[in-house]
Amino acid sequence: MFFCFCTLLFSSCEINKMSPGEWNPIELSQSEITFDAKGGSCTVECKNYPGWWINGIQITGTDIYYYSDPGENYTYLTATGNGISVKIGPEKNAVIITVTPSSEQNDWTVLMEAGDAFTSIRVRQNLPS
């Protein structure tokens with residue numbers, strides 16, 4: 001019995017090498033999206049976590065911030081700002097980013113989180129590369 005307990009204890013330590021609170025960086029299918037004046041939609045996937053949520057949208061380089069909607073169960077699945085909306089897709093590890101048609105130059109940062117790991121997706125419209 002003692003041998004079984006020790007084997008289980010040491011094997012579980014090998015499997016979980018991350019310390020409490022230590023999360024691997026979020027891996028994205030793409031970290032920057034560019035739209036023209038027509039706008040459109042694009043899906044970005046989180047490659048190493050099964051799900052994530054939206055913290056908000058910031059107009060890049062400003063203090064203007066659009067908080068995500070907590071929803072009924074505090075799941076933070078959507079956020080909307082001037083000219084942009086984001087929502088978690090049917091696949092919980094994907095976010096769908098939609099930009100409205102505009103001739104203006106726009107630059108947003110979509111802020112995402114999975115556990116204690118954070119990342120951002122840059123969304124640009126009508127801006128030089």
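Predicted model: local features only at pLDDT ≥ 70, side-chain atom pairs only at ≥ 80, totals over all residues.

**Hairpins, core and aromatic pairs**

Guide: Let us begin with a hairpin: S6 and S7 form one, with 5 residues between them. Residues are numbered from 1 along each chain as its sequence is written, and side-chain values use heavy atoms, with hydrogens and water left out.

Visitor: With which strands does S6 share its open sheet, and in what order?

Guide: The open sheet has 4 strands in the order S2-S7-S6-S5, with antiparallel pairing. Its edges are S2 and S5, the latter covering 78-81, and each of these pairs on one side only. From one strand to the next the twist averages 15°, where axes are lines fitted to C-alpha atoms (for helices over the stretch in contact) and angles run from 0 to 180 degrees between N-to-C directions. Between S5 and S6 there are 4 bridges in the antiparallel sense; Thr78 has Lys87 as its bridge partner in S6, and Ala79 stands opposite Val86. These two strands also make a hairpin with 2 residues between them, where Gly83 takes a positive phi near 90°.

Visitor: How many residues does the largest nonpolar core have?

Guide: A nonpolar core is a set of buried Ala, Val, Leu, Ile, Met, Phe, Trp, Tyr and Cys residues joined through side-chain atoms within 4.5 Å. The largest one in this model has 25 residues, and those with the most contacts inside it are Trp52, Val95, Ile97, Ile121 and Val123. Strands S1, S2, S3, S6, S7, S8 and S9 are the elements that give two or more residues to this core, and its largest share, 4 residues, comes from S8. Taking contact as heavy atoms within 4.5 Å, Val123 touches, beyond its neighbours within four places in sequence, residues including Ile33, Phe35, Ile84, Ile97 and Trp108.

Visitor: Is S8 mostly covered or mostly open, and how many of its residues are buried?

Guide: S8 is mostly covered, since 8 of its 9 residues are buried. It pairs with S3 in the antiparallel sense over 6 bridges, with Gln58 standing opposite Thr109, and it is joined to S9, again antiparallel, by 9 bridges. S8 and S9 form a hairpin with 2 residues between them, and Gly115 in the turn has a positive phi of about 65°.

Visitor: How many aromatic pairs does the structure hold?

Guide: A pair of aromatic rings is described by the distance of the centres and the angle of the planes. Rings of Phe, Tyr and Trp (its six-membered ring) pair if their centres lie within 6.5 Å; planes under 30 degrees apart count as stacked, over 60 as edge-to-face and the rest as tilted. The structure holds 2 such pairs. In one of them the rings of Trp23 and Tyr49 have centres 5.8 Å apart and planes at 40°, so the pair is tilted. This pair links distant parts of the chain, 26 residues apart, with Trp23 in the loop between H1 and S1 and Tyr49 in the loop between S2 and S3. Tyr65 and Tyr67 form an edge-to-face pair, at 4.7 Å centre to centre and 70° between the planes.

Visitor: Which is exposed and which partly exposed, Tyr65 or Tyr67?

Guide: Tyr65 counts as partly exposed because its relative accessibility is 27%, while Tyr67, with a relative accessible area of 66%, is exposed.

Terms used
Buried < 20%, exposed > 50% of the residue type's maximum accessible area, 1.4 Å probe, protein only. Pairing = 2+ DSSP bridges.
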